[in-house]
Amino acid sequence: TREGLDIDLRVVANSSFGAALQYFTGSKEHNIAMRRLAIKKGLKLSEYGLFRREGRKIKGETEEEIYEHLGLDWIPPEIRENQGEIEAAEDGKIPQLIELKDIKGDFHWHSDWNGGIDSLEKMCEQAMELGYEYLGVNDHTKTLKIENGLNEKDLLKQRKEIIRLNDKFKKQEKNFVLLQGAEVEILKDGSLDFDNETLKQLDFVTVSVHSGFKMSKTEMTERIIKAISNPYVDILNHPTGKILNTRDSYDVDLEEIFKIAKEKNIIIEVNSFRSDLSAQNARRAKELGIKICIGSDAHSKKELKDMEFGVYQARRAWLEKGDVLNAQPLEKLWLKKKQK
């Protein structure tokens, strides 16, 4: 293409379309495992179809019939990695992967109170257009001066505006609620830049690392563990510091982080903008019984739609609706203040 992207175009007959789609959608490892399974059953699988050994084609028009004839449930494209999906398909245990329509709200976005460009009201209006039931504003806190982080007085002023908006929505009989949170800065010693008296006034609390990326693995791990051990923290945002195509992850022991997150009922974020967590790490979190939150990290109302990229990542991680905080209705959110 003019942009320098190389594209291969393969044209096949309708009778081979499903086989070609399956072949070019799955990873190399998935395809090798599928071909081996076909051989085991006395068949041959290629991008042109599923064949008997003597060469007669028996299936190929749809993906579903290819998988079915091999004794498998249909496998969603996102998990075709030869990472247990074939065994799950044989046992009828393919997960019902989360979909964008399952998302009911967003807990990571920024308003014009600091790093964003749109007002709370405009963000809420956009969220309602997306079919959301709630939003949780998550503006930066005072230490992150580059984003004009909010101090304690700012939070009180913002709370008054949130109360006004919720009253307005109620009078308009809109089924929508705006919650107040904050993206609280994790300082280098693991403490937070708001005290507990301030934190407990919020509807939810998320914490993030935005500095000191060159710490040793041990130091960074201890720093984050101290932060998420605070009893008022709900969500750990972008846990490895990665920004896709911009910045690599800092050195951290995610297994130790996950261990404490499970113990302290901390929710781990999949950040749509940053692509952090990775699909592999998000799947590991699920295996350990840790709940996930998908955040858009929007800085404008139009960026709320970036939620879809986090959902794609969550699907690659085998996540289902029940694994994700913001796929739950308001009355069933797992936030600590609500539980108390």
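Reader: Is the crossing in which α9 passes α10 left-handed or right-handed?

Author: A crossing is right-handed if the near helix is turned clockwise from the far one by less than a right angle, and left-handed if anticlockwise; here α9 passes α10 in a right-handed crossing. This is a predicted model, in which local features need pLDDT of at least 70 and side-chain atom pairs count only at pLDDT 80 or more, while totals for chains, interfaces and linings use all residues. Residues are numbered from 1 along each chain as its sequence is written, and side-chain values use heavy atoms, leaving out hydrogens and water.

Reader: At roughly what angle do the axes of α9 and α10 cross, and which residues of the two helices meet?

Author: Axes are lines fitted to C-alpha atoms, for helices over the stretch in contact, with angles from 0 to 180 degrees between N-to-C directions. The axes of α9 (residues 254-264) and α10 cross at roughly 35° and come within 10 Å. On the α9 side, Leu254, Glu255 and Phe258 are in contact (heavy atoms within 4.5 Å) with Asn281, Arg284 and Ala285 of α10.

Reader: How many helices and strands does the protein have?

Author: Both are DSSP runs numbered from the N terminus, helices being H or I with at least four residues and strands E with at least two; the protein has twelve helices and eleven strands. Its C-alpha atoms fill a box of roughly 80 × 50 × 45 Å, taken along the principal axes. Of the contacts with a separation of 6 or more, 69% are between residues 24 or more positions apart.

Reader: In what order do the three strands of the open sheet stand, and why is one side of β4 and of β6 left without a neighbour?

Author: Strands pair if DSSP finds at least two bridges between them, and in this open sheet the order is β4-β5-β6, with parallel pairing. Because β4 (105-106) and β6 (177-180) are at the edges and each has a single partner strand, one side of each has no neighbour in the sheet. Two bridges join β4 to β5 (residues 134-137), and Tyr134 in β5 is the bridge partner of Gly105. Helix α5 (residues 120-129) packs on the sheet, touching β5 and β6, and its direction makes about 145° with that of β5. Helix α6 (residues 152-171) also touches β5 and β6, its direction making about 170° with that of β6.

Reader: Is Asn271 buried or exposed, and which side chain does it meet in a polar contact?

Author: Buried means under 20% relative accessible area, exposed over 50%, and partly exposed in between (1.4 Å probe, protein chains only). Asn271, in strand β10 (residues 267-271), has 1% relative accessibility and therefore counts as buried. A polar contact is a pair of N or O atoms within 3.5 Å; within protein, one must be able to donate a hydrogen and the other to accept it, and residues adjacent in sequence count only if both atoms are side-chain atoms. The side chains of Asn271 and Asp297 are joined by such a contact of 3.1 Å. Beyond four places in sequence, the contacts of Asn271 include His108, His238, Asp276 and Leu277. A cis peptide bond joins Asp276 and Leu277, with omega about 15°, and Leu277 is in the loop between β10 and α10 (279-287).

Reader: What is phi of Asp297, and is this residue buried or exposed?

Author: Phi of Asp297 is near 60°, a positive value in a residue other than glycine. Asp297 is in the loop between β11 (292-295) and α11 (307-316), and is buried, with a relative accessible area of 8%. Glu173, in the loop between α6 and β6, has phi near 60°, but Glu173 is exposed, with a relative accessible area of 74%.
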